[in-house]
Each structure stands twice: as structure tokens, then as C-alpha cells.
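Student: Could you walk me through how the helices and strands are arranged in this one? I'd like to start with the helix packing.

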Amino acid sequence: MGGGPAGMMAGYLLARAGVQVAVLEKHADFNRDFRGDTIHPSTLELMHELGLLDEFLKQPHQELRGLRAVVNGQVVPVADFTKLPTRCKFIAFMPQWDFLNFLSSHAKRFPAFQLRMETEVVDLLMESSRVIGVRAKTPRGELEVHSDLVIGADGRHSTAQTRAGLEQLQFGVPIDVLWMRISKKQGDPKQTLGFFQHGKLLVLLDRDDYWQCGFVIAKGQFDEIKERGLAQFQNDIVSFAEFLRDRVAELDDWSKIKLLTVQVNRLREWYCEGLLCIGDSAHAMSPAGGVGINLAIQDAVATANLLAEKLQRGPVQVDDLRTVQARREWPTRLIQGMQIFIHRRVVTGRSSNEKQASLPFVLRLLKWFPILRQLPARFIGLGPRPEHIRSPTAA
Ligand SMILES: Cc1cc2nc3c(=O)[nH]c(=O)nc-3n(C[C@H](O)[C@H](O)[C@H](O)COP(=O)(O)OP(=O)(O)OC[C@H]3O[C@@H](n4cnc5c(N)ncnc54)[C@H](O)[C@@H]3O)c2cc1C
């Protein structure tokens, strides 16, 4: 359940292996703009392994070979992807709806694949303590779907994990994100940009004719920002990106500025009999580092690698589901640990005025020693324990 990166990739791979799959997605389309746009080198490698890479790269996208941040006015190269041991030595920026449409159009070629849009799972069907399917709402009425395994890939507000009563560990997150659009003009900088300043951050994602802006604020600070007024908020944006001065007035109403609450959490156990949670449903990710989509896809690949053959024969057991968590838990812990570090030290770090004007030591090292930029590149571009396609194709 859930047609995000985790659900769609798991659906694709299991259907490819000949396992009957129904992906249930509550929305009518994939067009939501708060999901991030990053397709990492490790995901591009998976597309190559699936024989889809050439066609995939024909979709409109941008290629980012290095990450630069503007920190307190100074440009700092943070990551260099050009030395990665992958076919694509770049992050592809592609709106997530294009990525999901691409994957679903290919999945539909497998006879075992079904995608049901506007199908919102509202409950799990139980037999004793085993999940045996889901109950969903559709515009045409209620629907029951029975299955050998329910994969909860329904994101950070997961119905699957709450209905199953799976225990969740919450990690404090000191940030939220304000999300808004500002138009693009000729002559604007070409690459997707992150601007750090005095412990604050503005991210600009290039969406062809507009900038998708993410402005990181301290958690709970939105009311205070509103009280200071729109003019002050517009000034704040311009203080990060001067080139937006001539159009920041487009933000003339608070309704154009959405508050996205950031969460980082993880289930103690990602499964129970008949149900496995993956992606944000098992571990909600912060946008920090832009790695949540990649991690969700890696979970899906591991799920298919470990379970596809067994599912070809019928239901799987709790011990089988445990192997998926065992494989994916430590990469998740490591990345979440890094995100929590970034929230505390980089994004909301408080320091003296003098320190604020200078570069943090780690960033100075990255500036002085280019070879060090390969470390963040590996962490962001590949992630710990990158997965490869091992699941079978249908006979
Ligand atoms: C503001 C913000 C920006 C981000 N930016 C980035 C970025 O640039 N790069 C990056 O890698 N990560 C980013 N992330 C993290 C990333 O969005 C997630 O980690 C990733 O989308 C997780 O994928 P998923 O498939 O597990 O879940 P989701 O992408 O959340 O997909 C879940 C799907 O399930 C559907 N669904 C939900 N409930 C139900 C239901 N009951 N029945 C049926 N369907 C249901 C939803 O509609 C959705 O389509 C960002 C996160 C935030 C909050």
C-alpha cells in the first residue's frame, strides 16, 4: 500500500518476479510537490541493472555532479560525485511525479502488476494475529484486498503501522520547513542551490519555470515569523538569495507558504505476521541530505531480493520479514544519526557572531582538501550498504 518510491519500486520488482501485486495509492495522481526530486547514483545504478537507464535518462532532468553550498556568503564545494564507482556520476534532479510515472508505466507491462489510484487503505484485515489484507476506500465504494503479504509503504503518516500497533521510536527534530514557489527567470543560477547563513538554510530546487523553495526554520517558529509580517519574511529570503529580490513579492499571502513538519522516527520492529513496513512508513526521514527517497528504494530492493522467490510460492513467515529489517536497519540508523547531527550542528547551530561569519571547521576542510569531498559524495550518492537487483524475473 502506497505508491511512493518504496511502494512503486517494491511493486515493480515483485511483479517482475511474477508475484501478483496490487499497489494501492490514495491520491488520483503523483503530483504532490513536497516529496523531493533527487534520484541518486545508486538508484540510477539500479535502473541500469533493470535495463531502464537509457530510457530513464531521456526524461527531462538535471545532472548535479557536485554539491555546493553558500555558507555565510562563501561558496563551499561539499560533495564530488565524479569519482563514484557507478555508471552515473551525478544526482539526477527529476520531479518525483515523473519518476513515479516512469516506474509505474514500466511496471504495468508485467501481467502481475496492478496499480489502483484513489484507493485509500483505511484498515488492515486480520485473522487471529495475522494481517491477511486491507480494507480501502475508493470513489466507487469500499474494497477488500486479501494478500499473502501487505507491504506498508504509505509514508510517514502510515496507516499500516498505526493499525498494526507497531511501536515507534521518535527522535527530536528541532526544525520545520516552509515550502513555497517563486518564479524563475533567465539569468538565474543554473544548479539547485543551498544557502546556509547564521544557522539558517534556504534550499532552491529547480522546477523548470519556478523555484521550489524550502526555508528551514526552528520548530514551532512559524507563528513568530507570521507575527513579524510578510515584508520581513520576504527580506529574509532575499538576504539568502539576492537574485530573488525582484519577485519575492509573489509571496503576498501566507496561504502560499506551507508549513511542513519534519519528523525522524523508526519502528522498533518493522513487521508483524503478514505485514512489512518499508520506507518512511518504517523510518520517517528528514529532508536533510536529501536521501529519504534513495533509502526507501533501497528498502524496496532488499524486500524483493529477500522475499520474491518465497512469495512466488505463497505466504512468508515473520522470520522472513525479520531478515529485511536486519538488512536495512543499520543503514537507516546511520543515516538518521547523520540527519540528527546535521539538524543540531549545521542547521540550527548557535554560535557567536564572529563564528557565524566564518566557516565551520568541517566545511573548511572540504574546501581545502578536494579528496575529502568524496566522503559526503559516497554517503549521499550511494548510501551505506547499497543494494543491487538480485530478485528473479518471472519464468
Ligand atoms: C519537506 C521534505 C522534503 C524532502 N526532500 C527530499 C529530497 O529532496 N530528497 C530525498 O531523497 N528525500 C526527501 N525527503 C524525504 C522523502 O520525501 C521520503 O523519505 C520519501 O518520499 C519516502 O518514500 P516512501 O515511498 O517511503 O513514502 P512517500 O514518498 O511518503 O510515499 C507514500 C505514498 O503512500 C500514499 N499513501 C499514504 N497513506 C496511504 C493510504 N492510507 N492508502 C494508500 N496510499 C497511501 C501517499 O499518497 C504516497 O504516495 C523530503 C521530506 C520532506 C518532509
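Tutor: Let me begin with a definition: a crossing is left-handed if the near helix is turned anticlockwise from the far one by less than a right angle, and right-handed if clockwise. This is a predicted model, in which local features need pLDDT of at least 70 and side-chain atom pairs count only at pLDDT 80 or more, while totals for chains, interfaces and linings use all residues. Residues are numbered from 1 along each chain as its sequence is written, and side-chain values use heavy atoms, with hydrogens and water left out.

Student: OK, so what is the handedness of the crossing of α1 and α8?

Tutor: The crossing of α1 and α8 is right-handed. Helices here are DSSP runs of H or I with at least four residues, strands are runs of E with at least two, and both are numbered from the N terminus.

Student: And at what angle do α1 and α8 pack?

Tutor: Helix α1, residues 5-16, packs against helix α8, residues 292-313, at an angle of about 30°, and their axes are 8 Å apart. The axes are lines fitted to C-alpha atoms over the stretch in contact, with angles running from 0 to 180 degrees between N-to-C directions. That angle makes α1 roughly parallel to α8 (angles under 35 degrees count as roughly parallel, over 145 as roughly antiparallel, 65 to 115 as roughly perpendicular and the rest as oblique).

Student: Which residues of α1 and α8 make the contact?

Tutor: Taking contact as heavy atoms within 4.5 Å, the residues include Met9 and Leu13 of α1, and Ile297 and Val301 of α8.

Student: Switching to strands, how many residues of β9 are buried?

Tutor: Seven of the nine residues in β9, which spans 130-138, are buried (under 20% relative accessible area, with exposed over 50% and partly exposed in between, using a 1.4 Å probe and protein chains only).

Student: Which strands does β9 pair with?

Tutor: Two strands pair if DSSP finds at least two bridges between them. Strand β8, residues 120-127, pairs with β9 in the antiparallel sense over seven bridges, and Val121 stands opposite Ala136. β9 also pairs with β10, residues 141-146, in the antiparallel sense over six bridges, with Val145 as the bridge partner of Val134.

Student: What about the turn between β8 and β9?

Tutor: β8 and β9 form a hairpin with two residues between them, and Ser128 in the turn has a positive phi of about 50°.
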